[in-house]
Amino acid sequence: MSICTPSSSSSSSSSSESSSSTKAWIVHGVVVGAAVAVALGAHVYLKHTRSAKFRSRVVGIIPARFASSRFQGKPLVQILGKPMIQRTWERAKMATTLDQVVVATDDEKIAECCRGFGADVIMTSESCRNGTERCNEALQKLEKKYDVVVNIQGDEPLIEPEVIDGIVKALQAAPDAVFSTAVTSLKPEDAFDPNRVKCVVDTRGYAVYFSRGLIPYNKSGKVNPHFPYLLHLGIQSYDTKFLKIYPELPPTPLQLEEDLEQLKVLENGYKMKVIKVDHEAHGVDTPEDVEKIEGFMRERNLP
């Protein structure tokens, strides 16, 4: 009996209006990142590294595990007739900055499913504590060498290729950062949902903090309808030199308290570039989210 029933058809891009808006935000983020590097006196370094194709070799890795406290077998859940992992893979394949896309998993059922729809699969150990460590192990097993790894969340089946390209270009334009990620506007109804991670950034576009709680949090204890709260999309890219040392960094207090791996990066003093995009976030964290995302796709006639 087959584990899943992958579909051979590829998913299409979002509407042109959404794509254009996303690209506009991304271009803004990349331009700001480059300007910041110059302001920091990095123009000589940038000139040298760009001529050497700085961080030019890029691989996208989709970490996927079967075991989950909130949603067992989540990568294989069907979303309008396709496994969620397949929808994520198809979206990632459309990104122009990625030289290769692979799935990294410790589960043979997931591996069999992914091979069924044509994905490259790297088997990783069950001991990986998070997606970043799984990406690092997969990177070591790849035959080719890469400068940047993009950690593509398998539970974001509608991730836009432009978002992937945006965070890659942002990291390439910010030599003082070892990590890049994306945020979008937070919906008021998600303000106090701990499954929706919030982010605050500084005036130069670098991450200050991430939290499962609402940040910033005002004295009234209520959502300020006029404040531009930010939602973390989860997708992130790393310089491979940093990724190799990441597992050796000891867990940090904020990381453990919030259960957010990116906080270990910030607590250890590394910089993280953030771009803002106009993206409808539809992460699948619980079984109830599947019905929501299917409804969204039907409303917009997404295949």
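Tutor: Happy to! Buried here means under 20% relative accessible area, calculated with a 1.4 Å probe on protein chains only. Keep in mind that this is a predicted model. Let us take Asp289, which sits in helix H10, a stretch that covers residues 287–299. Its relative accessible area is 8%, so Asp289 is buried. Leaving aside residues up to four places away in sequence, Asp289 touches Arg196, Gly283 and Val284.

A disulfide is a covalent bond between the sulfur atoms of two cysteines. The criterion here is a pair of cysteine sulfur atoms within 2.5 Å, and by that rule the count comes to zero disulfides. Cys128 shows the reasoning: the closest cysteine sulfur to its own belongs to Cys135 and lies 9.2 Å away, which is too far for a bond. Cys128 is also buried, at 12% relative accessible area. Cys199 is buried as well, with a value of 2%.

Finally, a word on confidence. Across the protein chain the mean pLDDT is 85, and 82% of the residues reach 70 or more. Over residues 9–19 pLDDT stays under 50, and the model has 20 contacts beyond four places in sequence for them. Residues 34–51 also stay under 50, with 21 such contacts in the model.

Terms used
Residues numbered from 1 in each chain as written. Predicted model: local features only at pLDDT ≥ 70, side-chain atom pairs only at ≥ 80, totals over all residues. Heavy atoms only, no water. Helix = DSSP H or I, 4+ residues; strand = E, 2+ residues; numbered from the N terminus. Buried < 20%, exposed > 50% of the residue type's maximum accessible area, 1.4 Å probe, protein only. Contact = heavy atoms within 4.5 Å. pLDDT = per-residue confidence, 0-100.
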